[in-house]
Amino acid sequence: MSKRKMQPADLPAGECVSQLQEMLRQRLCHQQLPDRPEGVEAQHKHLLELLKRTSVHGESNSVLIVGPRGAGKTMLLKCVLRDLQEEKEAEKNLLQVHLNGLLQTDDRIALKEITRQLHLENVVGDKVFGSFAENLTFLLEALKKGDRSSSRPVLFVLDEFDLFAAHKNQTLLYNLLDVSQSAQAPIAVVGMTCRLDVLELLEKRVKSRFSHRQIHLLSNPTFAEYLGRVRTRLGLPDHFPDSRFAADWNASVETLCEDKSVEEVLRRHFHSSKDFRSLHMLLMLCLSRVSVAKPWIRPADLLEASRLSFADGEANMLHGLSILELCLIIAMKHLNDVYEGEPFNLQMVHNEFKKFLQRKSNSMYNFDQPVILKAFEHLQQLEMIRPVDSSSAKTQREFQLMRLMLDHSQIMEALQKYPQCPTEVKQWAMSAFG
Ligand SMILES: Nc1ncnc2c1ncn2[C@@H]1O[C@H](COP(=O)(O)OP(=O)(O)OP(=O)(O)O)[C@@H](O)[C@H]1O
Ligand SMILES: [Mg+2]
């Protein structure tokens, strides 16, 4: 790949690369909406129909969009609202209020925000209301058209819906859902949450006013589909200003995706999380390594990006350990290899460590038993090791069965980066069985 010759381009190479960077960045980190949201066609149709009924026919409704973080709840709603704009009648009719449980932390703040978003501050003025319901009714009344025969439909979006359930008496939820059930005014309440058990959080009187419509975003793509996403996320469209550059780039993406080591890395990501957000993160890291001198992504870039995104707190914590603690971890790793993940106790770890010490010139790591016990306790405090059974607290410390909470790749990677790690310790870690 490195010998690949750039064909003469219509645009200067620098210009092409910056255009590429800009286009892909827009796609990967600026929340650009996809033309057609992948894999959620049915949900898209469902929500669009629902909101159309409110905006065009003035029907009230309520619905929950449920899915894990990064599953595309916000994206789905935004796509639907965009597509709703194309409906002539819906276009100007629908008013929108967007609330977020992380921002509107109580109902008073929420009500202020609703007033602000509906541009009714002047109408409300200094009026004092007896109750929340009275205030909300006033707001909805104020939206009635000139002849006062029909209200304008309002869409209430409640992001992080579950947090609203923690508000005092669930007043906001009760009142919104109550209006959505009565013929008072046409409103649609759309809640978004990652809690599957969200209905359990609702009080009975609130729950009974909810339509119990739920849209689930629990996509479970196959690896082939996931790989397809990588291709489409990185691919340049036909309308890229320099078609020759685009063709070259797309061919290089194709080669990248066929690489065996790339597949391995992507498989690891696939198994840890399948959502778009973490995929975008990974690809963004690769993209930042593209330059004029190297206008393509190498498998090594992806490997590095993956290493960065997997660099976790535990591995970083390993860097703060003393040499003795690190040696104990390595001894445990060997024990895990030998006994296939069976739990171990300090005595076994110490014996394993002694084997290492018996080799020539390693005697400088000779520590007394109490020092080793202390180090072992520290590792337990850091939760790098955990007792198998907490009820066995009465057993003598040295014989308490423990499990290592780190996996081998974490240990090996941390070891590579450990500041001035002695070579013999590294070699010991890498040797097959102690
Ligand atoms: N089906 C899809 N097609 C294309 N892009 C998607 C799809 N689903 C999600 N994305 C992208 O993944 C990213 C995360 O999506 P989004 O912000 O909608 O998640 P969310 O479910 O709202 O997460 P949170 O619970 O954190 O609010 C966005 O950049 C979005 O564009
Ligand atoms: Mg969201």
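Which residues point one way from β4, and which the other way? In this predicted model, Ile187, Val189, Gly191 and Thr193 point one way from β4, whereas Ala188, Val190 and Met192 point the other way. The residues of both sets are all buried. In a regular strand, side chains alternate between the two faces of the sheet.

The surroundings of β4 are set out by its pairing. Strand β1, residues 61-66, runs parallel to β4 and is joined to it by 6 bridges. Within this pair, serine 62 stands opposite valine 189 of β4, and valine 66 has threonine 193 of β4 as its bridge partner. Strand β3, residues 154-159, also pairs with β4 in the parallel sense, here over 5 bridges. In that pairing, alanine 188 of β4 is the bridge partner of leucine 155.

These pairings belong to an open sheet of 5 strands, arranged in the order β2-β3-β4-β1-β5 with parallel pairing. Its edge strands are β2 (95-100) and β5 (214-216), each of which pairs on one side only. On average, neighbouring strands of the sheet are turned by 15° against each other, with direction ignored. Helix α3, formed by residues 73-84, lies across β1, β3 and β4 and runs at about 155° to β4.

The phi of glutamate 160 is about 55°, although the residue is not a glycine. Glutamate 160 counts as partly exposed because it has 17 C-beta neighbours inside 10 Å.

At the level of the whole protein chain, the domain assignment gives domain 1 (41-216), domain 2 (227-310) and domain 3 (315-430). The centres of domain 1 and domain 3, taken over C-alpha atoms, are separated by 55 Å.

Helix packing was examined for two pairs. Two packed helices are described by the angle between their axes and by the distance between those axes. For helix α5 (residues 107-117) and helix α7 (residues 132-142), the axes come within 11 Å and cross at roughly 10°. Helices α5 and α7 are therefore roughly parallel to each other. Asp107, Leu111, Ile114 and Thr115 of α5 make the contact with Phe132, Asn135 and Leu139 of α7. By class, the residues of this contact of α5 with α7 divide into 4 nonpolar, 2 polar and 1 charged.

Another arrangement is seen for helix α17 (residues 323-338) and helix α18 (residues 346-358), which pack at an angle of about 100° with their axes 9 Å apart. Helices α17 and α18 are therefore roughly perpendicular to each other. From α17, the contact is made by Cys327, Leu328, Ala331, Met332, His334 and Leu335, and from α18 by Met348, Val349, Glu352 and Phe353. The contact of α17 with α18 has 8 nonpolar, 1 polar and 1 charged residues.

Helix α18 also contains leucine 346. Leucine 346 counts as buried because it has 23 C-beta neighbours inside 10 Å. When residues up to four places away in sequence are not counted, leucine 346 touches Leu373, Phe376, Arg397 and Glu398. Leucine 346 and glutamine 400 are 54 residues apart in sequence, yet the C-alpha to C-alpha distance between them is 7.3 Å.

A positive phi is also found at glutamate 383, a residue other than glycine, with a value near 60°. Glutamate 383 lies in the loop between α19 (369-381) and β6 (385-387). With 10 C-beta neighbours inside 10 Å, glutamate 383 therefore counts as exposed.

Note on methods. Residues numbered from 1 in each chain as written. Chains lettered and ligands numbered in written order. Predicted model: local features only at pLDDT ≥ 70, side-chain atom pairs only at ≥ 80, totals over all residues. Domains from an automatic or database assignment. Axes fitted to C-alpha atoms, helices over the stretch in contact; angles between N-to-C directions. Helix = DSSP H or I, 4+ residues; strand = E, 2+ residues; numbered from the N terminus. Parallel < 35°, antiparallel > 145°, perpendicular 65-115°, else oblique. Contact = placed C-beta atoms within 7 Å. Nonpolar A, V, L, I, M, F, W, Y, C, P; charged D, E, K, R; others polar. Buried ≥ 20, exposed ≤ 12 C-beta atoms within 10 Å, placed from the backbone. Pairing = 2+ DSSP bridges.
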